[in-house]
Amino acid sequence: MKLLVLGGTAWLGRTTAASAIAAGHDVTCAARGTDVPHGVRQVHVDRDAPDGLAPLIDARWDAVIDVSRQPGQVRRAARQLRTDRYVFVSTCNVYASQAEIGADESAPLLDPLDTDVMTDPEDYGRAKVACEDAVREVFDIDRSAIVRSGLIGGPGDPTGRSTYWPRRFAAPSNPDGAVLAPDAPRLPTSLIDVRDLAGWLVRLADGAGSGVFDAQGVPHPIPAHLEAARAAAGHRGRVTVAAEDWLAERDVHEWVGPRSLPLWLRDPDWYGMNARSTERAVAAGLERRPLESTLADVLGGPVVSGAGLTDGEERELLAQLAV
Ligand SMILES: NC(=O)c1ccc[n+]([C@@H]2O[C@H](COP(=O)([O-])OP(=O)(O)OC[C@H]3O[C@@H](n4cnc5c(N)ncnc54)[C@H](OP(=O)(O)O)[C@@H]3O)[C@@H](O)[C@H]2O)c1
């Protein structure tokens, strides 16, 4: 297959291009940067310019895979590139509600962003809706795949959301080996391994399936997720759970970023975000490795700074809990 990856210099796009090369395809990556996998042809484009795709439009592609989040970029690519198939990487953030567990692709979406450029990160979901619309204006359902990804994890995760827990269990902050966790027994988590998602995107580009798909990892309540991380790290200490209100009162943040407990979400109206139905994706060939295997594979990677609690923050919170 003659494949064009729009992107290829960041985490998922790069892994996708590498996966396509490994599968024997002829791969071109188009981006402003040059850090693409070995074996890929790199073309410099700036998709923000109206004629930015000029170096690509004389070519004919079997498939394009696009990771953009900017509606104008996607609209121009869908209209200008000559390709049989278009695979667009979207997000489960396109849905209007994240409350229902097990909701499928027919759930209502947010209103599309009505500008070409997203400037406020709060508009991410609406921008992706507009991107999806731009693809579907040009490519009918048989010639396109819209992949609404859930949280991506695994080696190279730049956000630290999938790496914090196994690394925390592998290197506790305190001599007792205690690890602080939120008391949220019913909170679903899910991680789709970046390598599983990348491989499936390439197979979709090669015709394995068409339509709209929610693509997430298998859901695990956070206690089971932490058990998998403990097992991957060989941790033998205690898991010390703290009440959600207690954590919030001490300015511990949810989900991601500094002074956070990654993956933690307090609001039950967000419990469906990581537990959507993936039946359609699995029927179209999405294969997911066990969570423990993904978590074990991040142990050797770099520590992501600014993700989770520092050792000092965790020690201080554990000491307060012990009083
Ligand atoms: N991380 C998650 O958990 C998660 C969850 C759901 C969905 N997603 C989706 O998964 C995808 C992640 O993609 P990714 O890891 O490859 O990272 P990304 O940061 O979204 O990639 C953006 C890519 O587009 C290129 N790009 C940006 N602006 C450009 C421009 N003006 N002209 C040309 N190229 C441009 C970038 O390359 P240059 O900067 O080199 O130009 C880069 O390769 C995204 O679609 C994201 O929305 C992620």
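In this predicted model, the side chains of Asp66 and Tyr86 are joined by a polar contact of 2.7 Å. That's a handy place to start, and the points below go from there to a helix pair, the ligand and a few loops.

**Around Asp66**
- You'll find Asp66 in strand S4, which covers residues 60-66.
- Asp66 counts as buried because its relative accessibility is 0%, and the cut-off for buried is under 20%.
- Setting aside neighbours within four places in sequence, Asp66 is in contact with Leu6, Arg47, Val74, Ala77, Tyr86, Val87, Phe88 and Val89.

**Two helices side by side**
- Two packed helices are described by the angle between their axes and the distance between the axes.
- For helix H2 (residues 71-80) and helix H3 (residues 124-138), the angle is about 10° and the axes are 8 Å apart.
- H2 is therefore roughly parallel to H3, as angles under 35 degrees count that way.
- On the H2 side, the contact is made by Pro71, Val74, Arg75, Ala78 and Arg79.
- H3 brings Ala127, Ala130, Cys131, Ala134, Val135, Glu137 and Val138 to that contact.
- Sorted by class, the contact of H2 with H3 has nine nonpolar residues, three charged ones and no polar ones.

**Who sits around the ligand**
- There are 27 residues around the ligand, and Thr9, Leu12, Val67, Arg69 and Tyr124 come nearest.
- Gly33 has a polar backbone atom 2.8 Å from an oxygen atom of the ligand.
- Lys128 uses its side chain instead: an N or O atom there lies 2.8 Å from an oxygen atom of the ligand.
- For Trp11, a backbone N or O atom is 3.3 Å from a ligand oxygen atom.

- Gln216 is in the loop between strand S11 (211-215) and strand S12 (220-221).
- With 1% relative accessibility, Gln216 counts as buried.
- A polar atom of the Gln216 side chain lies 3.0 Å from the backbone nitrogen of Arg276.
- Not counting residues up to four places away in sequence, Gln216 touches a list of residues including Cys92, Gly150, Ser190, Met273, Asn274, Ala275 and Arg276.
- Ile101 lies in the loop between strand S5 (82-91) and H3.
- Ile101 is exposed, with a relative accessible area of 52%.
- Ile101 and Pro188 are 87 residues apart along the chain, and their C-alpha atoms are separated by 8.9 Å.
- Leaving out residues up to four places away in sequence, Ile101 touches Pro188, Tyr271, Gly272 and Ala275.

**Two residues with positive phi**
- Most residues other than glycine have a negative phi.
- Asp251 has a positive phi, near 65°, and its place is the loop between helix H7 (244-249) and strand S14 (253-255).
- Leu263 has a positive phi too, near 80°, in the loop between strand S15 (260-262) and helix H8 (279-283).
- Buried or exposed, what is Leu263? Leu263 is buried, with a relative accessible area of 3%.
- Asp251, on the other hand, counts as partly exposed, at 45% relative accessibility.

Definitions and conventions
Residues numbered from 1 in each chain as written. Predicted model: local features only at pLDDT ≥ 70, side-chain atom pairs only at ≥ 80, totals over all residues. Heavy atoms only, no water. Helix = DSSP H or I, 4+ residues; strand = E, 2+ residues; numbered from the N terminus. Buried < 20%, exposed > 50% of the residue type's maximum accessible area, 1.4 Å probe, protein only. Polar contact = N/O pair within 3.5 Å; in protein donor to acceptor, adjacent residues only side chain to side chain. Contact = heavy atoms within 4.5 Å. Axes fitted to C-alpha atoms, helices over the stretch in contact; angles between N-to-C directions. Parallel < 35°, antiparallel > 145°, perpendicular 65-115°, else oblique. Nonpolar A, V, L, I, M, F, W, Y, C, P; charged D, E, K, R; others polar. Near = heavy atom within 4 Å.
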